[in-house]
Amino acid sequence: VGVTGIVVGMNMMRLNAVLEGPALSCFDRLIRHSIATAFLARHLVEGVAGRGPAARPLPVARVGVSFTAGLLHDFGKIILVYNFPTEGAELYERRRLEAEFNDPDVRAIEQLIFGCDHTEAGEFVARKLGFPEALIDVIRFHHDPQALTGTAETDQLVRATAAANLAAKAMGYGIAAPDAWETVVAHPAWKRIVEQDLPGLTPAGLAADVQRQREKLDQYVSSLLTPDATGKKPRAAGGA
């Protein structure tokens with residue numbers, strides 16, 4: 001799974017070389033969102049849920065299943081933006097179409113525009129590329145964290161990715177304007193991860209814990225996306 005994250009992460013970041021205009025801006029925001037979600041998913045699984053009496057700080061750089069799941073959760077959106085750059089940018093970044101369709105679930109709008117939503121597109125391509133089943137489940141179900149995948153470990157991974165996705169948006173790492181933390185805390189996915197995996201925390205307590213990761217998150221995203229002395233961006237987004 002970790003190797004999958006490295007390989008796909010490298011190729012995701014190379015795609016911006018073939019995009020231009022609004023699609024390039026949208027794609028860059030998608031990459032930032034994916035990296036932030038990966039960082040936070042890893043924290044929720046290993047930094048909070050994995051915390052015990054002998055817990056140590058998480059290493060700064062390490063590829064793991066939870067990071068890779070967060071990195072690839074919106075794989076389907078990347079596929080759709082790449083294939084439908086104008087429509088994708090209009091929908092995800094400018095959000096002009098939401099008012100016209102008046103539906104809070106972006107997947108319903110995707111179905112009307114593209115004929116499939118981003119979870120379906122991502123699952124289809126991920127299967128074609130031979131992704132591990134756990135990652136395919138995360139791509140397919142990160143908007144439905146109550147879904148049962150067949151293994152407890154993957155179910156937790158789906159819940160953590162769903163919660164991290166919401167937190168990343170609230171922390172300004174979305175494609176459009178940030179969501180309010182009140183919306184995140186009230187979301188069923190946020191409540192579910194607390195009930196299933198973090199019984200010692202309240203939704204508000206988990207939100208406070210995640211917000212304390214802000215400085216580390218900003219530094220990490222910046223370290224991956226800031227050009228080096230040669231003017232080149234780092235090669236991959238698969239190392240937390």
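Which residues are linked in a network of salt bridges here? They are Glu123, Arg127, Glu133 and Arg140. A salt bridge means a side-chain nitrogen of Lys or Arg within 4 Å of a carboxyl oxygen of Asp or Glu. By that rule the count comes to nine salt bridges, and we'll meet a few of them on the way.

Before going on, some ground rules. What you're looking at is a predicted model, where local features need pLDDT of at least 70 and side-chain atom pairs count only at pLDDT 80 or more, while totals for chains, interfaces and linings use all residues. Residues are numbered from 1 along each chain as its sequence is written, and side-chain values use heavy atoms, with hydrogens and water left out.

Let's start with the overall picture. Helices (H or I, at least four residues) and strands (E, at least two) are DSSP runs, numbered from the N terminus. Of the 240 residues in the protein chain, 48% are buried. Buried means under 20% relative accessible area, exposed means over 50%, and partly exposed is in between (1.4 Å probe, protein chains only). As for contacts, the word means heavy atoms within 4.5 Å. Among contacts between residues at least 6 apart in sequence, 64% join residues at least 24 apart.

Now let's see how some helices pack. Take helix H3 (residues 65-72) and helix H9 (residues 133-141): their axes come within 9 Å and cross at roughly 40°. The axes are lines fitted to C-alpha atoms, for helices over the stretch in contact, and angles run from 0 to 180 degrees between N-to-C directions. H3 and H9 are therefore oblique to each other. Here's the naming scheme: angles under 35 degrees count as roughly parallel, over 145 as roughly antiparallel, 65 to 115 as roughly perpendicular, and the rest as oblique. On the H3 side, the contact is made by Thr68, Ala69 and Leu72, and on the H9 side by Leu135, Val138 and Ile139. Sorted by class, this contact has five nonpolar residues, one polar and no charged ones. For these classes, Ala, Val, Leu, Ile, Met, Phe, Trp, Tyr, Cys and Pro count as nonpolar, Asp, Glu, Lys and Arg as charged, and the others, Gly among them, as polar.

Next up are helix H7 (residues 106-114) and helix H8 (residues 118-128), which pack at an angle of about 70° with their axes 8 Å apart. That makes H7 and H8 roughly perpendicular to each other. Val106, Arg107, Glu110 and Gln111 in H7 meet His118, Thr119 and Glu120 in H8. By class, this contact has one nonpolar, three polar and three charged residues.

Arg107 has another partner too: its side chain meets that of aspartate 105 in a salt bridge (3.0 Å, N to O). Arginine 107 counts as buried because its relative accessibility is 15%, whereas aspartate 105, with a relative accessible area of 27%, is partly exposed. Aspartate 74 and lysine 77 also form a salt bridge, at 4.0 Å from N to O, and both of these residues are buried.

With a relative accessible area of 8%, arginine 159 is buried, and so is aspartate 197. Leaving out residues up to four places away in sequence, arginine 159 touches Pro145, Arg192, Ile193, Gln196 and Asp197.

Valine 158 lies in helix H10 as well, and is buried, with a relative accessible area of 1%. Setting aside neighbours within four places in sequence, valine 158 is in contact with Asp137, Val138, Phe141, His142, Asp144, Pro145 and Thr149.

Our last stop is proline 203, in helix H13 (residues 203-211). Proline 203 is partly exposed, with a relative accessible area of 24%. Along the chain, proline 203 and lysine 191 are twelve residues apart, and their C-alpha atoms are separated by 6.1 Å. Not counting residues up to four places away in sequence, proline 203 touches Val185, Trp190, Lys191 and Val194.
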